[in-house]
Amino acid sequence: MDLRRRTATGTLDVRRARVLVIGASALAFAAKTIFAVVSRGPADVRFFDAFATAIARVGPVRVYEHPMPGLPVYNHPPLASWMLSAFHELQALGIPFASLIRLPACAADFVSALLVFEILRRRRSLKTAMACALACAFSPVLFATSAYHGNTDSAAVMFVFLAAYLLSDRRAPLAAGVAAALAVSVKLVPVVAVPALLVVAVRAGRPAAVRFCSGLAVVLLTLWGPVLATVPVPLREKVLEYEGGRWRLWGVVRFADLAGASDSFVASLQGGFHFVFVLLCMAAGAWLAWVRPTAPACAVALSLTLLLLLSTGSAVQYLAWPVVALCVLGAREAIGYGLVVGALTVVVYSGAAATRWSDWALHLGEAGWLLLAAATVTGVRRALADRPGPAPGVPLPVVAQRTGRRAAPVPPVDRPHR
């Protein structure tokens, strides 16, 4: 009876916490949606509108070889092309494109906050899970990048953490593979986390690995196959080999510029070294997934935080990459980064152009980078210190009741692993 009472009390506490997180996240989603409707947004909103118009003329496949003078390089994966095609049709019905392009990112932030809660409540205290989820829902960085900027970064990040949750917490490797494929088909950024997910799937056993790879392969072939077969060279040049902006505003290239590095050295950082850094992010995530296979979200988080930490590209929307990751690693890390870098986004978006940062914005960026580096270290140390739970694929424990009958499964009590 005591066990049942404690289990019921724990389940009730989780339900109350979940309702609070859902309510708070819905409030944040509503605020972002309203802001997206009433604000004009940066130049990227108009660029996406032009991309959607081009896709309506030549199709989501041929758009990669279609010349678009006066516009940035179209570096978005195939699923983003289909999304823009759908938005163009909806725009014909009278729905403003500026609102449509920002709605997926706002919705993704809502889902990400719920995922943070569900991932952490099984591994840490309920209060920590709630704090991290609320930090995600109300992150100033996500408010600026999702509700104002309106790129696809938040949606891609949401899908890769959904893959981690499905793989470990829901024991659904097929669905996890599908989610991972959708992540890299929205934006290529989460590709750094795919090796970590593969490691977790392999350590879960051959059936889980086969299902994960099957879901991943089927969706990738469906979305990428037609483009690879039709316009492989433009796809490789514009999407797979895209190196980010050449500005020296953030991170490695900013500090290299401050140190007086030559133009040729900075150019090499933004060129060949770019791919070396990507491989380092992949390797780090795969390593953490190997030593902590029960916490794939932490491995995904490490990959994404390192990606921005080592990024040689500079764009405001990139600052959204590690927000959910930091919320998974710890509340203090997420809040610190959110406040400093959130202030940076406000300063930048208040200026004349998102690619021209004032001295104040540059200094906030330097502080944000240092905070991100410290948060990555402390978050990984915390992940390594956590006591590992059951290996992926292992059934949840079964507790025998004192009734003389066959043992019946009892829902796990939600408490932190220590």
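Begin by selecting Phe35, which is partly exposed, with a relative accessible area of 32% (buried means under 20%, exposed over 50%, partly exposed in between, with a 1.4 Å probe and protein chains only). This is a predicted model, in which local features need pLDDT of at least 70 and side-chain atom pairs count only at pLDDT 80 or more, while totals for chains, interfaces and linings use all residues. Residues are numbered from 1 along each chain as its sequence is written, and side-chain values use heavy atoms, with hydrogens and water left out.

Phe35 lies in helix 1 (helices are DSSP runs of H or I, at least four residues, numbered from the N terminus).

Next, select Lys32 and Asp109, whose side chains meet in a salt bridge (2.9 Å, N to O). The term denotes a side-chain nitrogen of Lys or Arg within 4 Å of a carboxyl oxygen of Asp or Glu. This pair links distant parts of the chain, with Lys32 in helix 1 (residues 2-38) and Asp109 in helix 5 (residues 103-120), 77 residues apart. Both Lys32 and Asp109 are buried.

Proceed to Asp263 and Arg248, a salt bridge with its closest N and O atoms 3.1 Å apart. Asp263 belongs to helix 14 (residues 263-270), and Arg248 to the loop between helix 12 (232-240) and helix 13 (251-258). Asp263 counts as exposed at 56% relative accessibility, whereas Arg248 is partly exposed at 25%.

A network of salt bridges can be displayed by selecting Arg18, Glu118, Arg121, Arg122, Arg123 and Asp169. The whole structure holds 13 salt bridges.

Finally, select helix 10 (residues 194-203), where Val194, Ala196, Leu197, Val199, Val200 and Ala201 are buried. These buried residues pack against helices 8 (153-168), 9 (173-186), 11 (206-230), 15 (272-291) and 16 (296-309), contact meaning heavy atoms within 4.5 Å. Helix 10 is followed by Gly205, which has a positive phi, near 120°.

Conventions
Helices (H or I, at least four residues) and strands (E, at least two) are DSSP runs, numbered from the N terminus.
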